[in-house]
Amino acid sequence: MEPSTSKRDRRPIHHSPIFWIGLVMCLAAIAIYLWSDDLSWRPGQR
């Protein structure tokens, strides 16, 4: 008896373009946060 194969291709997640788009957007958000002047660990101006 053979295992049933689904019609959907079971590729690893890093082969999906949605994964890479999400990764790029996440890294862009991190970069924008780090390059902004409003970092949470820096004391505020008084």
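I located W35 in helix α1, which spans residues 17-35; helices (H or I, at least four residues) and strands (E, at least two) are DSSP runs, numbered from the N terminus. I note that the model is predicted, that local features need pLDDT of at least 70 and side-chain atom pairs pLDDT 80 or more, and that totals for chains, interfaces and linings use all residues. Residues are numbered from 1 along each chain as its sequence is written, and side-chain values use heavy atoms, with hydrogens and water left out.

**Whole chain.** I looked up the accessible surface, about 5,100 Å², of which 64% belongs to carbon and sulfur atoms; areas come from the Shrake-Rupley method with a 1.4 Å probe, and for residues only the protein chains shown count as cover. Of the 46 residues, 4% count as buried (buried is under 20% relative accessible area, exposed over 50%, partly exposed in between; 1.4 Å probe, protein chains only).

**Aromatic residues.** I searched the whole structure and found one aromatic pair. The ring centres of F19 and W20 lie 5.0 Å apart with planes at 80°, so the pair is edge-to-face (centres within 6.5 Å; planes under 30 degrees apart are stacked, over 60 edge-to-face, the rest tilted; for Phe, Tyr and the six-membered ring of Trp). F19 is partly exposed at 31% relative accessibility, and W20 is partly exposed at 43%. W35 is exposed, at 74%.

**Before the helix.** I placed H15 in the segment before α1. H15 is partly exposed, with a relative accessible area of 43%.
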